[in-house]
Amino acid sequence: MDFVSIKKRLLKFSRSAWTPFAAIPIALGIGAIVLLISGYDPIQAYAAMWQGAFKDRTAITEVLIKATPLIFIGAGLAVAFRCSIWNIGAEGQFYAGAVAATAVGIYLGDLPRFLLVPMVLIAGASSGALWGMLAAFLKNRFGANEVVTTIMLNYIAIFITGWLVTGPMIETAGLFAQTAKISQNAWLWRFLPPTRLHTGFILALVLAIVLYIIIFKTSLGYTIRAVGINPDAARYAGINVKRKVLLAMAISGGAAGLGGAVEVAAISYRLYQLISPGYGFDGIAVSLLVNNNPLGVIFSGILFGALRSGAEVMQMNAKVPSVLVFLIQGLVVLSVVAFGVYSYVSKEKEE
Amino acid sequence: MEDSMPKNNDPKTILRMEEIHKSFPGGVFANRGVNLEVHQGEIHCLLGENGAGKTVLMSVLYGLYKPDSGSIFYKNEKFDVHNPKDAIQNRIGMVHQHFMLVETLSVAENIILGQYKPWKVLNNLDPVIKKIQQMSKDYRLNVDPTSLVKDLSVGEQQRVEILKALYHGADLLILDEPTAVLTPQESENLLDFLRQLADKGLTIVFITHKLEEVMQISDRVTILRDGKTITTVNTKETNPRELAKMMVGRDVLMDLNKKEKQPGKVIFSVKNLNVKDERGLPAVKNFSFDVYEREVVGIAGVSGNGQSELALALAGLMDSDFDSIILNDISITKRDLTRLNQLGMAHIPEDRQKMGLILPFSVSENFIAETFNDRPFSKYGFLQFKTIKNYSQSLVKKFSIRVGDVDEEIAHLSGGNQQKVVVARELDRRPKFLLVNQPTRGIDIGATEFVRQQIIAERDGGAAILLISTDLEEIFALSDRILVMFEGQIMGEVSPNPDMIEQVGLLMAGKTIESAL
């Protein structure tokens with residue numbers, strides 16, 4: 001391979017997945033100005049943030065734990081977005097998965113571990129997939145815009161959860177709006193005690209890799225990408241577009257549902273109304289940040305996990321209000337988008 | 001200031017561009033020392049294949065690109081242009097291939113766009129409208145300044161673009177392939193109109209790759225090839241064959257070497273096909289025809305008479321009703337239409353960019369658009385990248401497609417090479433029946449020649465071919481029989497005898513065969 005083609009490849013590679021990360025220092029820089037104006041010491045704040053995310057083994061594992069649902073959701077969304085299905089409903093699909101997983105974990109709690117754990121995960125994944133396919137069905141059958149339907153389905157899933165945890169599934173003591181703990185046989189293994197790092201994280205990595213292979217190495221992925229870029233050409237080539245839309249939503253929803261199941265089976269052990277602090281929405285940024293590449297989602301997921309984790313410590317130690325923390329996260333997303341537009345425009349100009 | 005003195009101070013010369021060089025990042029040299037001299041009041045054609053550097057050269061003049069080197073003299077002075085505003089102020093107007101109009105604004109608002117302050121626009125539109133009305137009357141353009149651009153036809157929008165340039169007092173008007181988007185009649189009108197303007201003293205630079213247009217309209221013509229000026233000639237002293245040779249750089253076969261038709265059996269037969277368009281109106285009415293093996297049946301007609309719907313229905317991409325469709329002795333049901341691919345049909349679609357290709361995909365990914373799921377390109381659901389690459393390289397070679405690397409995005413290829421990819425992909429499947437819609441629209445003469453030869457080769461190899469084209473020359477050159485389509489119906493069948501061209505024209509206009517003959 002000659003130098004030019006190596007350079008070309010590098011350039012293409014950097015464009016595809018990694019350039020957006022260059023936006024992070026810019027975002028942090030702007031964030032520093034905002035912190036300064038608001039009367040906080042940005043160096044102290046960022047130091048606290050860094051400490052919170054990477055101080056020791058426990059801190060790092062907490063980052064990975066926070067990253068886990070984001071990787072599940074982001075990798076699934078990457079598939080939907082590659083198919084040009086704008087699934088804004090990962091939040092609801094995450095809830096759907098968490099509800100189904102909790103139900104199995106409680107009501108079938110007597111089953112042995114080797115049966116119960118897979119059943120919890122399968123229940124979560126299929127419940128999320130069905131929730132996602134509902135939006136795909138509405139799109140295929142009635143032409144309903146998936147952005148609208150998935151947002152609406154978010155509310156429905158969240159409110160059903162609220163009803164379940166205050167009514168039918170409320171814990172026996174009935175004190176808090178939450179379910180009973182799921183059976184111990186349904187718990188995922190925390191393999192690095194005393195940290196909470198669990199096998200669900202490994203599962204998230206595996207899922208991201210599998211989805212990457214599906215999208216870029218298989219004929220199925222070829223069809224999904226083709227439908228996403230040019231549905232007319234896909235139809236011309238004999239691809240059943242509606243079926244791919246359904247499938248992309250199933251994969252996307254299934255991944256989010258699996259994330260919900262893992263959250264219940266590894267961290268919370270029970271269901272309550274606010275089980276997701278907005279993972280489904282962060283997941284959108286996680287996927288877009290890496291140009292909808294499921295493999296890249298691992299890194300952007302960890303990045304967002306670190307931001308969330310570090311933010312908590314920044315809030316505690318540097319006394320920076322959480323609002324500013326969200327603002328910095330927002331700046332990261334914004335500058336990533338700006339970078340994306342910039343590289344797109346400069347590419348256009350070049351041609 | 002010796003630099004500012006043009007070498008040859010000819011009063012006739014309005015524009016001289018000298019040794020223009022322009023390259024783009026990535027090593028594309030669009031202009032490599034182009035020279036152009038345009039006389040006052042003439043229609044000057046810039047002729048060249050796609051990618052010869054015509055548009056880039058004019059974009060340099062219009063201030064859209066900064067040249068790497070070279071100088072421009074305009075009206076006997078050195079002309080430094082930094083942006084289109086400079087050009088407009090110096091009375092240069094340009095009508096781009098893709099119109100630069102805001103669809104939701106009125107004609108008048110579009111014409112003064114960017115010239116006035118917004119609040120002034122709101123206050124002072126009346127004199128603008130009056131002036132446009134006057135100009136529209138003077139030039140007999142029939143443009144209503146108050147109508148919205150989105151309500152205008154493509155031809156009318158183009159007239160607005162020209163009017164815009166004239167409104168700003170253009171002395172030099174650049175038109176970039178203006179007839180590419182027009183119907184034959186609209187093209188005719190446009191050329192007449194341009195002639196009028198030139199007679200009034202306007203200088204026109206007309207970018208094109210169509211030889212007939214050059215012969216019809218221009219006073220002089222400059223031929224560009226590979227970013228260089230080949231020569232400038234007086235149109236009266238040349239002929240299409242010579243122009244084609246200079247443009248392509250070798251002799252071009254204007255006549256296809258077509259063997260005598262061999263009688264064969266019916267391969268494709270349609271009885272009473274009816275198709276409704278997107279608004280639910282009948283677009284194809286009781287359409288019946290047969291295509292025999294080793295035969296090209298041409299469907300002639302003015303664009304928009306149901307050709308698109310016919311092609312889409314036959315390809316199973318649009319809903320239709322029919323009594324019967326038979327392909328290669330197999331009776332086709334409605335359900336089968338979506339998998340005609342597997343039954344021996346290939347389809348070269350009307351719009352390669354919208355339907356034939358997936359532009360952000362690589363060349364090789366586009367080659368397997370219909371076969372991605374078949375061995376050897378896919379095994380156990382996994383794409384076999386090495387096999388696909390080898391196959392793509394062999395097709396690139398076989399169809400002499402100009403591309404550096406088959407992994408390159410197909411969007412980077414020229415229109416002609418993109419079309420070659422579609423043609424290569426479809427023909428390589430050795431179809432029994434080939435449906436071809438507008439195979440050479442918008443591609444250069446070299447690629448056109450190649451594509452037509454491939455279609456004839458396929459016919460001689462035994463395929464039955466249905467050719468839909470609005471280009472009459474193409475229909476006559478390729479077809480063994482011609483069906484003329486008007487408002488969704490077959491008006492009659494004609495043999496491709498050059499003497500019949502007038503009759504075909506009458507049938508295309510809706511006359512019956514009895515009155516046409």
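Over all chains, a search of the whole structure gives 16 aromatic pairs. Here rings of Phe, Tyr and Trp (its six-membered ring) pair if their centres lie within 6.5 Å, and planes under 30 degrees apart count as stacked, over 60 as edge-to-face and the rest as tilted. Y155(A) and F159(A) are a stacked pair, because their planes are at 15°, with the ring centres 6.5 Å apart. Both residues sit in helix α7 (residues 146-166) of chain A, four residues apart, which is about one turn of the helix. Helices (H or I, at least four residues) and strands (E, at least two) are DSSP runs, numbered from the N terminus. An α-helix has 3.6 residues a turn, so residues three or four places apart point the same way.

This is a predicted model: local features need pLDDT of at least 70, side-chain atom pairs count only at pLDDT 80 or more, and totals for chains, interfaces and linings use all residues. Residues are numbered from 1 along each chain as its sequence is written, chains are lettered from A and ligands numbered from 1 in the order in which they are written, and side-chain values use heavy atoms, with hydrogens and water left out.

Is F159(A) buried or exposed? F159(A) is exposed, at 57% relative accessible area, while Y155(A) is partly exposed at 47%. Buried means under 20% relative accessible area, exposed over 50%, and partly exposed in between (1.4 Å probe, protein chains only). In chain B, the rings of Y74(B) and F79(B) are tilted, since their planes are at 45°, with centres 5.3 Å apart. Y74(B) and F79(B) are both buried. One aromatic cluster is formed by F268(B), F287(B), F289(B) and F433(B).

Next, salt bridges. The structure has 30 of them over all chains, each a side-chain nitrogen of Lys or Arg within 4 Å of a carboxyl oxygen of Asp or Glu. In chain A, E146(A) bridges to K139(A), with the closest N and O atoms 2.8 Å apart. E146(A) is buried at 4% relative accessibility, whereas K139(A) is partly exposed at 27%.

In chain B, E295(B) and R481(B) form a salt bridge with the closest N and O atoms 2.7 Å apart. E295(B) is in strand β13 (residues 295-300) and R481(B) in strand β22 (residues 481-486) of chain B, so the pair ties together parts that are 186 residues apart in sequence. Both E295(B) and R481(B) are buried.

Last, the contact between the chains. How many residues does each chain bring to the contact? Chain A brings 22 residues and chain B brings 30 residues, where contact means heavy atoms within 4.5 Å. About 2,300 Å² is buried between chain A and chain B, 58% of it on carbon and sulfur atoms; buried area is the accessible area (1.4 Å probe) that two parts lose on being put together, summed over both.

One salt bridge is counted between chain A and chain B. Its side chains are those of R225(A) and E365(B), at 3.0 Å from N to O. On the side of chain A that touches chain B, α8 (199-217), α9 (219-229), α10 (231-236) and α14 (322-350) of chain A each supply at least two residues. Of these, α9(A) gives the most, with six residues.
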